[in-house]
Amino acid sequence: MAPPPSGPTQEDTASSAAASESPAPAAPAIKAPPPETPTAIRRRSYIVLSFWLLVVFLGLPFWWKTTTIYRADLPLDRMLEWADGKACRPAIPIQIAVHADSLQEEEANHLVRLAQHAIDDLNDFSGHHLRLQLAPRQDRPRESEQNPNSALSIHLKPGDATTAALDPYRAALDITYPLNSVPPLHSASSMLTTYIATELRSTFAEEQSIVSYLLSSSPTSKPAGLSPAVVEALEKRATRALRYAPTYHLTFSLFTDGPAPTTWDIDTAINEYMKPLLDVLGPIHNFTIDTQVQLYATPGVQSQTLTKDDLASFINAAEWPLSPSIGGAPTINFLTFIGNQTIGFPDSEGQTSQSWMIPQWGTVYLLSQPDTNSHVTKDALRQPMLTFGGHLLTLLGTPQSGSLPLRLSSLSRIRSADLLLRASDALGSLARLSRSLPSIAIPRNVADGVAKSIRHLEEACAGLGSSEALYHARIAEEEAERAFFEKSMVGQLYFPDEHKIAVYLPLLGPVTVPLVMGAIKEIKRLLQARKQRAQEAKDKKSQ
Amino acid sequence: MTFRGKAGIYAIAVLLRLVLFFAFPGLPDLLTGRVEISTPVTSFKRLEEGLFLYNHNVWPYDGGVYHQAPLLLPLFSLLPDSKSWPIFTPLLYILIDLLSADALVKIAASGEAGKSRLFTSPRRGKGSTGLVIAAAFLFNPLTIASCVGRTTSVFTNCAILYAIAKAVQGFSFHAMVALSFASYLSMYPVLLLPPLVLLAYDRRASQKTSVLKFSAVNVLVVAGCLSVLLGMSYALTGNSWEFLARTYGIQLTLTDLTPTVGLWWYFFIEMFDSFRSFFLALFWLHLASYVGGLSIRLRTQPLAALAVLLGIFSIFKPYPSISDASLFLGLFSLYTHLLPLMRYTYVASATLMYASFLGPAFYHLWIYAGSGNANFFYAITLVWSLGQSLLVSDLTFAVLRDEWEVERPEMVGKEAKQI
């Protein structure tokens, strides 16, 4: 790489200068060359000096300035604390408002206290705990009673027997109780409080196990006694769900194996069946949507009845224009295939199903329709759309049990815990990286990203369980990832120190040799001249 | 040297250029596009782009293509439109070439190459006459190609030659102004200041003032001239200093990696990003490091120092072209009396010829035929630089040997080994 002529030219100028002054070896020893003239000696010193002045006063500062590595200060200890879970013990408090308007104030307070005790006795996992709270009495109708921070509200109503029912449209649990089961003011426990506690626990069981699974997979806490079956279910959920992204891109595709149908009422179908779901998911994710129709699409499997193995290869990835990944958002595919194929499983003879979900990818729905139909109506799309909606929730990692509002609120809590852990993890990796590679440059924006990430992590940790936690955790995760994957640092990861020799030596080596040799010669000469002068002075004295 | 002879050579040179310009209408544009002739900082095509923007009241550097000095723009916009009056631009370039040749003739006429104030060469009578030198410059294919390719380095070369001519005539002020123009246009000529000041000092009628005082005055002249020129550019480009980054900044940081005949582009394509700024500084320092040493060593012959420096610059500067080589060869022809002392003239000239024939072929293989890659062209530019550095070092050797033989007359004609 080094331009080879640089060496010769310089050496030539330097050494031909020497040639003109020093004895020519061609002349044998018989004829001793005349001594160098003082002017020639002085001139040579000046030349050597001029090169060295340039090296020392310009070369070295430039070298220092351009090759010192800028390492912004990172709060390494703090980052590692986050990664080790020392900075924040993730604990998700779940506020539950108890509405017991039919009870006396004191009675209600006592009931809540007892129920809280019962819950605390049942709970064995500290990362996730339920807090009961007596809601202020309100004479106004129910609409305004929802406290934004309470995940669930319990409505206690007197009735004939002890029953519990989840409200399918709101995050509410309706409990009826026989009048005599209300605990007297000084009793220590009662059937009703135990019932409430068990009921609540079963409502939040899935979320709790997911959270405890999340936390146990990080080094922070020991696995909280989960049964293998539960762990397996949780792992399945984790493999199905897509990685969290603030925005997802939904692609609705209509594929047919023939020339028809050519149109579909996808617009109204989405508006009618998907939109409501997307709207409630709004606080957690944004969605962008596109649709496409593809004719004469050959599936990867041609057989009439699809077996379980066929399902994996049904998608013709080579030919079907899927996953366009517009922008940076990950794509979720919803594919409606018009054909006469059916899914059959050997164990359930005769039974057929129409759709299947592909983990982290999307859903395929087989829609059979007469060939003559060139249009797919909104009504025909109803079932596929509802299936897609259900699968979308799974793909986003929503828990399976409970009513929709509850599932969504627990999704947002799970996601914030998840993001919190991910961000801490990224910070820890960055800290370890910067410790293990002392020569890696750390640009200022990385330090800024880390600071911002830690700030948001703190807020997220403090407010875990509330709606802002997700927002803060999201920013923290984004910043931490951006800091970790900083472009200028990634390049240096693979640049060991030994490479510097290969960078410096080819060019600087040939240049340095004449420079150093010249300097050594000059210094030698100066020392000799000094000695000689001292000798002369001595001689003079002795005379 | 008769006037008739000089006029004849000039007339033939003008005629030849006019024929090339107008008998082969595609030739100027073809040559303008060649990387060997047009570099990002001297290309005529880029100048036209800047000119178009300038004439339409757009900031000329906005396109990111034009990297040349701002004052070239009003000069070229004074010329009639090149589309309707295609004669004027060639005439300007031919005129510049003639001025350069004339400056060379003046330098030759002064005899500075053979006899300076502090040194008289025993071979001074054997040199070429000014006429031959002018002809060698004007009919050098490299000079003709740069003229027809209309690169703006022609202006720089003319300014440098003019500065040297004025310096040997003893007009130090004129020399410094001309050098300021050259530096303003291309930046690197500012490095020629020390030997040029020494040359002007030596050629003055009287040496009453000390060298230091004389240099200080001349440095101030150059600084003043440059600040006036830069100030005018500042006013011209909408009262902003942005143009500095777009002209000299490009040369300092080598932002445009267009291939040239030099050594920088390939090196900085391959360079690790984290070391880029260090090696940029190193390359520039390397370029500048020769100035001090050569000025001191060749103190007795400042003109030789200038010639050798120009040779070094045409090898090692960031965006060299064959036009820089033509300038060096022009000054080289002043030293034909030293040809017997040179050892590698045959090798060097053969290498240069080899490179100039194979260079375009290898570039074609890389860019158009696609059967070669960048290494082909880079290899041939290495050969080109090798040939030039052979010539430069040989000239240095000859100049020094010439001095040495005066010092040690008994060694004339004997073999001297370089150690």
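Colleague: Why does Leu250(A) count as buried?

Modeller: Leu250(A) has 20 other C-beta atoms within 10 Å. The definition says buried at 20 or more other C-beta atoms within 10 Å of a residue's own, exposed at 12 or fewer, and partly exposed in between, with C-beta atoms placed from the backbone. So Leu250(A), with its 20, is buried. Bear in mind that this is a predicted model: local features need pLDDT of at least 70, side-chain atom pairs count at pLDDT 80 or more, and totals for chains, interfaces and linings use all residues. As for names, residues are numbered from 1 along each chain as its sequence is written, while chains are lettered from A and ligands numbered from 1 in the order in which they are written.

Colleague: And where is Leu250(A), and what does Leu250(A) touch?

Modeller: Leu250(A) sits in strand β6 of chain A; strands are DSSP runs of E with at least two residues, helices are runs of H or I with at least four, and both are numbered from the N terminus. Not counting residues up to four places away in sequence, Leu250(A) touches Phe287(A), Ile289(A), Ile332(A) and Phe334(A). Touching is contact, that is, C-beta atoms placed from the backbone lying within 7 Å. Phe287(A) is 37 residues along the chain from Leu250(A), yet their C-alpha atoms are separated by 6.8 Å.

Colleague: What makes Glu498(A) buried or exposed?

Modeller: Glu498(A) has 7 C-beta neighbours inside 10 Å, so Glu498(A) counts as exposed. Glu498(A) lies in the loop between α13 (487–493) and α14 (499–542) of chain A. For all of chain A, buried residues make up 32% of the 543 residues.

Colleague: How do you know whether Asn57(B) and Arg150(B) are buried or exposed?

Modeller: By the neighbour count again. Asn57(B), in the loop between α3 (44–55) and α4 (72–78) of chain B, has 7 other C-beta atoms within 10 Å, so Asn57(B) is exposed. Arg150(B), in the loop between α7 (141–148) and α8 (153–168) of chain B, has 25 C-beta neighbours inside 10 Å, so Arg150(B) is buried.

Colleague: Now helices. How do you know how α11(A) and α12(A) run relative to each other?

Modeller: Helix α11 (residues 444–462) and helix α12 (residues 467–484) of chain A pack at about 155°, with axes 8 Å apart. Axes are lines fitted to C-alpha atoms, for helices over the stretch in contact, and angles run from 0 to 180 degrees between N-to-C directions. Under 35 degrees is roughly parallel, over 145 roughly antiparallel, 65 to 115 roughly perpendicular, and the rest oblique. So α11(A) and α12(A) are roughly antiparallel. By class, their contact has ten nonpolar, four polar and four charged residues. Nonpolar covers Ala, Val, Leu, Ile, Met, Phe, Trp, Tyr, Cys and Pro; charged covers Asp, Glu, Lys and Arg; the others, Gly among them, are polar.

Colleague: What about α2(A) and α14(B)? What is their angle, and which hand does the crossing have?

Modeller: Helix α2 (residues 38–67) of chain A and helix α14 (residues 273–297) of chain B pack at about 165°, axes 9 Å apart. That angle makes α2(A) roughly antiparallel to α14(B). The crossing of α2(A) and α14(B) is right-handed, whereas that of α11(A) and α12(A) is left-handed. A crossing is left-handed if the near helix is turned anticlockwise from the far one by less than a right angle, and right-handed if clockwise.

Colleague: Last one: where does α7(A) bend, and by how much?

Modeller: Helix α7 (residues 266–281) of chain A bends by about 55° at Met274(A), and Pro276(A) follows within four residues. The bend is the angle between axes fitted to the seven residues ending there and the seven starting there. Met274(A) is also one of the buried residues of α7(A). The buried residues of α7(A) pack against elements of chain A including β6 (247–256) and α10 (404–436).

Definitions and conventions:
Two residues are in contact if their C-beta atoms, placed from the backbone, lie within 7 Å.
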